[in-house]
Amino acid sequence: MKSKMKVRVPALMIAAILSAWMLAGAQQPASRFTGTITAVSGTTLTVKTDAGEAHQVEVPETAILKQVEPGAKDLSAAQTVVLSSLATGDRVLVRLDPNAPAGSSVALQIITLKQAALAKEQEQEREDWQQHGVGGLVKSVDAASGVILLTTGAGATARTIAIHTDKSTILKRYAPASVRYDLAQVAPIDAIHAGDQLRARGPKDAAGTSITAEEVVSGSFRNISGTITSTDAASSTLVVKDLASKKQVSIHVAPDTQLRQLPERMATILAAVLNGNGGPGRVQPPPGAPPSGGPAGGGQRGGPGGGGFDAQQLLSRAPAIQLADLKKGQAVMVVATEDSTGDTAITLVSGVEPLLEAPAASQNLLNWSLNSGAPDAGQ
């Protein structure tokens, strides 16, 4: 039996709705963009696009404003709203008036998703991922049969799970240098390779060794642990001597990169927990999911008295830092993506000296990176 919740990606959904609307009634093309309202001043909206650009848009009385609910496939049930109902945090797709004066941005049509409705929908999606999700490392992919073998856990807790996909399964890959679910792109099954991180969601068998996947999201990530040999704030890069390869690795720090500093006591506690406990914790949703992280199976739990300690929760409490705070000689652990431009950090954590000898530390950092996602990932 299929799980009840269905994945909905607001940015793509609104774009699809507007495209259908334009094809039905528009006679000439117009510029458009999708984003989140960051300010409302009189008849002017400031919208931060998904690409990080800020646009100020004038909304005249003649503009058509429609509000849709999560899950809507077209505008048939959309409600006409007024400008005063729009608020910061709402998702919008703005179609600009092509006949507006040169140099001005005037809205012709706006489709909006209310922040509260979206937050409720995302919470339901997260719960569904927790109940019906599995995650781990790809062991093998059989594109012909649609079966992906996944390994999860470690040591005594290690097991293999068969992920069954078919034509109805949604297959996505994380975009380069990103763990944002909302930026993940549809990709064929042969884009998935052994060693990739993968999460699948759908009904499981009684033994938990097989899942009929409704959705799969995957990506290729690299763990780097070592000491900083140099930093360059101007170019947003640092060089780390990787302990595994003994090579110097240049790492780019992007605007979305999460940088954290583990206090000494926190690092010591975390290392002790990871060295003494290997059991997998609950499965978290992907980052930014409106199914806000990521493919690899949850936090490590354990601790004195079996108190349900979650290593990823501890990581989430670590103070945020800036690239300028990092110094030569500091030990760091990095989760990065690798493409033609080199390595780009998704997450970088310093103060990790006690963790460098904890076998589960790198995997937990990867899990946390994917589960927490980038800032505003769910917007």
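A salt bridge is a side-chain nitrogen of Lys or Arg within 4 Å of a carboxyl oxygen of Asp or Glu. Keep that in mind for the exercises below.

The structure is a predicted model, in which local features need pLDDT of at least 70, side-chain atom pairs count only at pLDDT 80 or more, and totals for chains, interfaces and linings use all residues. Residues are numbered from 1 along each chain as its sequence is written, and side-chain values use heavy atoms, with hydrogens and water left out.

**Exercise 1: Salt bridges**

Task: Find how many salt bridges the structure holds, and work out where Arg173 and Asp196 sit.

Solution:

Step 1. The count of salt bridges is four.

Step 2. Take Arg173 and Asp196, whose closest N and O atoms are 2.6 Å apart. Arg173 belongs to strand β11 (residues 170–173), while Asp196 is in the loop between β12 (185–186) and β13 (197–201), so the pair links distant parts of the chain, 23 residues apart. Here helices (H or I, at least four residues) and strands (E, at least two) are DSSP runs, numbered from the N terminus.

Step 3. Now check burial. Buried means under 20% relative accessible area, exposed over 50%, and partly exposed in between (1.4 Å probe, protein chains only). Both Arg173 and Asp196 are buried.

Step 4. Go on to Arg201 and Glu215, whose side chains form a salt bridge at 3.9 Å, N to O. Arg201 lies in strand β13 and Glu215 in strand β15 (residues 215–219), so this pair ties together parts that are 14 residues apart in sequence. Arg201 and Glu215 are both buried.

**Exercise 2: The surroundings of Asp343**

Task: Decide whether Asp343 is buried or exposed, and list what Asp343 is in contact with.

Solution:

Step 1. Locate Asp343: its place is in strand β22.

Step 2. Compare its value with the cut-off. Asp343 counts as buried because its relative accessibility is 9%.

Step 3. Look at its partner. Asp343 forms a salt bridge with Arg222, and the closest N and O atoms are 2.9 Å apart. Arg222 is partly exposed, with a relative accessible area of 25%.

Step 4. List the contacts, where contact means heavy atoms within 4.5 Å. Leaving aside neighbours within four places in sequence, Asp343 is in contact with Arg222, Val249, Ser250, Ile251, His252, Ala336, Thr337 and Glu338.

**Exercise 3: A barrel and its loops**

Task: Give the order of the strands that close into a barrel, then find where Ser236 and Lys246 are.

Solution:

Step 1. Strands pair if DSSP finds at least two bridges between them. Five strands close into a barrel, in the order β16-β17-β18-β22-β21, with mixed pairing. On average, neighbouring strands of this sheet are turned by 55 degrees against each other, direction ignored; axes are lines fitted to C-alpha atoms, for helices over the stretch in contact, and angles run from 0 to 180 degrees between N-to-C directions.

Step 2. Zoom in on one pairing. Strand β18 (residues 248–261) and β22 run parallel and are joined by seven bridges. Val253 has Ala345 in β22 as its bridge partner.

Step 3. Visit the loops. Ser236 is in the loop between β16 (222–232) and β17 (237–242), and its phi is near 55 degrees, a positive value in a residue other than glycine. Ser236 is partly exposed, with a relative accessible area of 24%.

Step 4. Lys246 is in the loop between β17 and β18. Its phi is near 65 degrees, again a positive value in a residue other than glycine, and Lys246 is exposed at 58% relative accessible area.

**Exercise 4: Strand β7**

Task: Explain why strand β7 is largely enclosed, and name the residues opposite Thr112.

Solution:

Step 1. Six of the seven residues of strand β7 (residues 107–113) are buried, so β7 is largely enclosed by the rest of the structure.

Step 2. Strand β4 (residues 64–67) runs parallel to β7, with four bridges between them. In this pairing, Gln67 stands opposite Thr112.

Step 3. Strand β6 (residues 91–96) runs antiparallel to β7, with six bridges. Val92 has Thr112 as its bridge partner.
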